[in-house]
Amino acid sequence: MSGHKPDETWWKTRSVYQIYPRSYCDANGDGMGDLAGITQGLSAIKALGAGIVWMSPVFRSPMVDNGYDMSGYREIDPLFGTLADFEALLAEAKRLDLKIVLDIALNHTSIDHPWFQAALSDPSGPYRDYYIWRDEPNNWQSIFGGPAWSKPDGDDGCYLHLFDKTQADLNWENPAVREEIYGAMRFWLDKGVSGFRLDVVTVISKPPGLPDAPDPRPMPLYDMLAGGPRLHEWLRDMRREVFDLYDCVAIGEGPGLNPERAAAIVNPADPMLHMIYHFDFVDHTGSRQGKDWDRVWFKSVFDRWDKGIGQDGWNSCVVGNHDLRRLIARFGDANADPNLVAKALAATYLLQRATPFIYQGDELGLGDTTITAVEELDDVWAKTTYRLARSKGHTEAEALAKAVAMTRDHARTPYPWTPEGGFSVGTPWLKPTPNRGGVDLASQQTNSHSVWAFYRDLLELRSRDPQTWVFGAYEDLLPDHESLFVYRRGARGLVCVNLIGETRALPEAVTQILSERTCLNSSGDVSQTQMGPWETQIWA
């Protein structure tokens, strides 16, 4: 253990690049991404300008939910390689001055975990109390669909699973469970990782007695459970037992939290975690279902979270990730230039007063994939959606359409390194997203007008002038405008984005400010009076 408290600067000034390990780079040719492939690909992240690499789970798992169903907290899954491969990755990251953050699921384990298997084999033994059991289930529904309780064959009890039935919720009321988790986290921090993204950590504390929910449907239930009665107590305990002992960052995935509840968790006077990974952009129904989206609402999310946390604590800024359709599919315009859309969306979140999270492929403007048959689905949630739709009488085409509209597979396709793909010399585990032309790293790194170059330039700007673009005060100058997003950073920074496929005139109050500044970056022809379709301009 390092024995000192975290430095409160590096995780604010650096940006995060999220890797989905199965899909980033395959070094051994088996069609599946691996740790050796990630090690090879770290230099591309360094070239982009990100400073923190967050990897979705690489721990031992049966992979029903692609690693979020963990069966060994201190083991690397053989799918990705060995502990020696992981240590080689850490060494290369250190050489490149990149921080590695691991994804860890603290709410549940796989039913294949030795703890759960022991709970089944010896119901009177100590491991039974590692999980949550009832003789009769309550009315809670699983986030993935269906009841949140299952009864194993030959067992008299039902176990709780807020997610898939293969993901049994841990009983955090048991101090032995908490110490197991803390010990596993210290194990990886001692190896040299720089922190954790804590998967669905806000639901680890359940209400006493597990009462029926007023609305047991998945999302209302999720909101009800977020921030349970002992959450703060256990997060403080985790901080003392783990985070205070290392120079590391703790990022809590916070579905169900609003800025006020999140602010208490990242309060500098009592910092349980360093950042909350909020879900306002994740939960928006329109963006999930591909419907038109409300630009005023979109802007209000940034404003609400900055006002709620930005003055005192510290925000994360997450618009895309491994659980969502691609950015340009959710917030774009089918008739617009997808590269302009990708650049405009980048400017909305990379220069906020927060640590930005870039999901692999978003820096290329990668779009949704094409799925034409249920056999092409991998996502367990999408498969459940399809199955439930069919059970309710929907046709095969209708059920597939429902699954395709929400599947997380859109974001999980192999990373396009070259025009031909470049992910693997073998057959990729998931069908790649069709390349519409130039949506690959090799093509974009040599094109100064590419989406990748635009991301790189914004991250360089953030790094070059942190006083303005990292720590500077945030103000939305046109909060009620239906298409223009114009926000101020610090004393001189100004970002202007047109979030619609039509030219819009800039209000006089904005043009006056622009007349006193220099344009640093633009995705179109610079004008101080109007913005072209999906155009971006950055001024200082």
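An open sheet of 5 strands runs in the order 16-17-18-22-20, with antiparallel pairing. Strands here are DSSP E runs of at least two residues, helices are H or I runs of at least four, and both are numbered from the N terminus. Two strands pair if DSSP finds at least two bridges between them. Strand 16 (474–476) and strand 20 (519–522) stand at the edges with a single partner strand each, so one side of each has no neighbour in the sheet. Neighbouring strands are turned by 15° against each other on average, direction ignored. Axes are lines fitted to C-alpha atoms, for helices over the stretch in contact, and angles run from 0 to 180 degrees between N-to-C directions.

This is a predicted model, in which local features need pLDDT of at least 70 and side-chain atom pairs count only at pLDDT 80 or more, while totals for chains, interfaces and linings use all residues. Residues are numbered from 1 along each chain as its sequence is written, and side-chain values use heavy atoms, with hydrogens and water left out.

**Sheet and packed helices**

Strand 20 pairs with strand 22 (residues 536–539) in the antiparallel sense, over 3 bridges. Ser-522 stands opposite Gln-537 of strand 22. Helix 14 (residues 338–349) packs on the sheet. It touches strand 17 (484–489), strand 18 (493–498) and strand 22. The direction of helix 14 makes about 145° with that of strand 18. Helix 18 (residues 451–464) also packs on the sheet, touching strand 20 and strand 22. Its direction makes about 155° with that of strand 20. Contact means heavy atoms within 4.5 Å.

Helix 14 has 12 residues, which should span 16 Å at 1.5 Å a residue; its end C-alpha atoms are 17 Å apart, which agrees. The expected span is 1.5 Å times one less than the number of residues. Buried means under 20% relative accessible area, exposed means over 50%, and partly exposed lies in between (1.4 Å probe, protein chains only). Among the buried residues of helix 14 are Val-341, Lys-343, Leu-345 and Tyr-349. At the helix start, a side-chain oxygen of Asp-337 reaches to within 2.9 Å of the backbone nitrogen of Asn-339.

Helix 12 (residues 295–310) has 16 residues. It reaches 21 Å from first C-alpha to last, close to the 22 Å expected. Its buried residues include Arg-295, Lys-299, Asp-303 and Asp-306. Trp-297, Phe-298 and Phe-302 are also buried there. At the start of helix 12, a side-chain oxygen of Asp-294 comes to within 2.9 Å of the backbone nitrogen of Val-296.

**Aromatic pairs**

The whole structure holds 37 aromatic pairs. Rings of Phe, Tyr and Trp (its six-membered ring) pair if their centres lie within 6.5 Å; planes under 30 degrees apart count as stacked, over 60 as edge-to-face and the rest as tilted. Two edge-to-face pairs are set out below.

| Pair | Centre to centre | Between planes |
|---|---|---|
| Phe-163 and Tyr-222 | 5.9 Å | 80° |
| Tyr-277 and Phe-357 | 5.5 Å | 85° |

Phe-163 lies in the loop between strand 9 (158–160) and strand 10 (167–169), and Tyr-222 in helix 7 (residues 218–225). This pair links distant parts of the chain, 59 residues apart. Phe-163 is buried at 8% relative accessibility, and Tyr-222 is buried at 5%.

Tyr-277 lies in strand 13 (residues 275–277) and Phe-357 in strand 15 (residues 355–359), so their pair ties together parts 80 residues apart in sequence. Tyr-277 is buried at 0% relative accessibility, and Phe-357 is buried at 3%.

Ring pairs also link a cluster: Phe-281, Trp-293, Trp-297, Phe-298, Phe-302, Phe-331, Tyr-474, Phe-485 and Tyr-487.

Cys-317 sits in strand 14 (residues 316–318). It is buried, with a relative accessible area of 5%. Beyond residues up to four places away in sequence, Cys-317 touches Phe-302, Tyr-349, Gln-352, Ala-354, Thr-355, Pro-356 and Phe-357.

Ser-150 belongs to strand 8 (residues 149–150) and is buried at 16% relative accessibility. Its side chain makes a polar contact with the side chain of His-161 (2.8 Å). A polar contact is a pair of N or O atoms within 3.5 Å; within protein, one must be able to donate a hydrogen and the other to accept it, and residues adjacent in sequence count only if both atoms are side-chain atoms. Leaving aside neighbours within four places in sequence, Ser-150 is also in contact with Gly-157, Cys-158, Tyr-159 and Lys-165, among others.
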